[in-house]
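Hi,

Here is the structure I promised to pass on.

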Amino acid sequence: MATPTVSVIIPTLNAEREIGALLNRLLSQTLPPTEIFVIDSDSEDRTVEEVEEVASSGGDSCVRLLEIERGDFNHGGTRRMAADRTSGEFILLLTQDAVPLDETFIECLVSPFSDERVAISTGRQIPKADAVRYEQLVREFNYPRESYVRSSKDLERCGIKTYFTSDVCCAYRRSAYEDLGGFPERCNTSEDMYLAIRAIGKGWSIAYAADAAVLHSHNLTPSQQYRRNLEVGYFLETQKELLDGISETGEGARLVMSVTSRLLLEGRVGQLISFFIDCSARLLGNRRGRSIAKKEMERA
């Protein structure tokens with residue numbers, strides 16, 4: 001069997017503390033990438049210099065760099081532009097702060113593609129050492145230790161979780177990506193879920209590869225969580241037709257119950273209060289985003 005060709009895409013912004021180590025980790029994989037495409041949004045630090053140093057240190061390097069204006073960045077459109085410039089059989093998306101846990105990461109992430117029905121393979125996110133306790137538990141809930149593959153047959157049982165994927169750490173079969181029309185040109189968030197919904201709708205499957213792990217987590221403030229979920233709520237409302245009535249409410253309730261019970265068992269009252277504040281920010285942001293989307297669609 002021929003060795004798979006993998007193109008890696010990494011959008012960056014002020015990533016000087018992370019990007020050099022990330023690129024070197026990718027270059028040392030058991031299945032090395034065919035090309036690594038870094039697309040930088042006008043960083044103000046040494047991100048570009050760090051990328052150029054790695055690119056020049058290996059002679060015939062597979063590392064490529066494209067610089068764009070910060071105002072031109074768009075989660076869907078920028079990734080689409082980068083994907084159009086790559087040639088690998090598989091397109092691997094990473095964020096600048098997602099660090100592969102070991103040298104088998106790429107090999108494990110593309111392994112599910114041996115099933116020709118799989119369009120998307122998403123990896124496991126393990127919280128970093130500085131993650132607050134409730135954030136650790138949220139990651140554990142969303143990223144279990146067991147791998148799985150889901151299709152349209154799982155919609156009744158799994159609901160919106162059927163579409164679960166994340167461009168923090170995710171690979172696409174190029175032929176499927178093209179079949180689905182690629183990332184949307186204008187999409188401020190959830191471009192990964194957009195393709196997942198379309199994939200399930202067209203008969204493809206989505207894999208979760210638990211052994212393809214990255215270190216990744218954020219301790220977001222309530223205001224950051226609010227803004228993030230405003231965008232998510234806006235996306236979900238504008239994509240109601242694609243979702244065909246499937247709601248995120250049930251899955252959200254299960255997450256809250258799981259994290260709350262663990263924090264109670266551990267006696268972490270302070271973390272429980274912080275978690276409830278975090279959940280409130282998520283809920284308020286989601287509702288505000290949906291409200292904005294509804295008003296825009298009514299005016300259209």
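A quick definition before anything else: I call a residue buried under 20% relative accessible area, exposed over 50%, and partly exposed in between (1.4 Å probe, protein chains only). Helices (H or I, at least four residues) and strands (E, at least two) are DSSP runs, numbered from the N terminus. Note that this is a predicted model: local features need pLDDT of at least 70, side-chain atom pairs count only at pLDDT 80 or more, and totals for chains, interfaces and linings use all residues. Residues are numbered from 1 along each chain as its sequence is written, and side-chain values use heavy atoms, with hydrogens and water left out.

Let's start with helix α5, which spans residues 133–142 and is mostly covered, with seven of its 10 residues buried. Those seven are Arg133, Tyr134, Glu135, Leu137, Val138, Arg139 and Asn142. What do the buried residues of α5 pack against? Their partners are β6 (118–126), α11 (249–266) and α12.

Arg133 also takes part in a salt bridge (a side-chain nitrogen of Lys or Arg within 4 Å of a carboxyl oxygen of Asp or Glu). Its partner is Glu266, and the closest N and O atoms are 2.7 Å apart. The pair links distant parts of the chain, as Arg133 sits in helix α5 and Glu266 in helix α11, 133 residues apart. Arg133 has a relative accessible area of 14%, so it counts as buried, whereas Glu266, at 32%, is partly exposed. Through shared partners, salt bridges join Arg133, Glu140, Arg262, Glu266 and Arg268 into one network.

The structure holds 20 salt bridges. Among them is the one between Glu50 and Arg46, with the closest N and O atoms 2.9 Å apart; Arg46 is partly exposed at 34% relative accessibility. Another is formed by the side chains of Arg117 and Asp115, at 3.0 Å from N to O. Here Arg117 is exposed because its relative accessible area is 56%, while Asp115, at 22%, counts as partly exposed.

Aromatic rings

For ring pairs I take Phe, Tyr and Trp (its six-membered ring) with centres within 6.5 Å; planes under 30 degrees apart count as stacked, over 60 as edge-to-face and the rest as tilted. By this rule there are nine aromatic pairs. In one of them, Tyr172 and Phe183, the ring centres are 5.4 Å apart and the planes stand at 85 degrees, so the pair is edge-to-face. Tyr172 lies in strand β8 (residues 169–173) and Phe183 in the loop between α7 (174–179) and α8 (191–201), so the pair ties together parts that are 11 residues apart in sequence. Both Tyr172 and Phe183 are buried.

Phe275 and Phe276 make a tilted pair, because their ring centres are 6.3 Å apart and their planes are at 35 degrees. Elsewhere, Tyr143, Tyr148, Phe164 and Tyr208 form one aromatic cluster.

Tyr226 belongs to helix α9 (residues 222–238) and is partly exposed, with a relative accessible area of 29%. Which residues does it touch, leaving aside neighbours within four places in sequence? With contact meaning heavy atoms within 4.5 Å, Tyr226 meets Ala281, Leu284, Gly285 and Arg288. By contrast, 28 Å separates the C-alpha atoms of Tyr226 and Gly182, which are 44 residues apart along the chain.

Ile273 is in helix α12 (residues 269–299). Together with Val269 and Ile277, Ile273 forms a nonpolar patch on the surface, with about 280 Å² of accessible area in total. Patches are made of residues with over 30% relative accessible area and no salt bridge: like charges are joined within 9 Å, nonpolar side chains (Val, Leu, Ile, Met, Phe, Trp, Tyr) within 5 Å. Accessible areas come from the Shrake-Rupley method with a 1.4 Å probe; for residues, only the protein chains shown count as cover.

Cysteines

Searching the whole structure for disulfides (pairs of cysteine sulfur atoms within 2.5 Å) finds zero. For Cys169, the nearest cysteine sulfur, that of Cys170, is 7.5 Å away. Cys169 is buried at 1% relative accessible area, and Cys279 is buried at 16%.

Cheers
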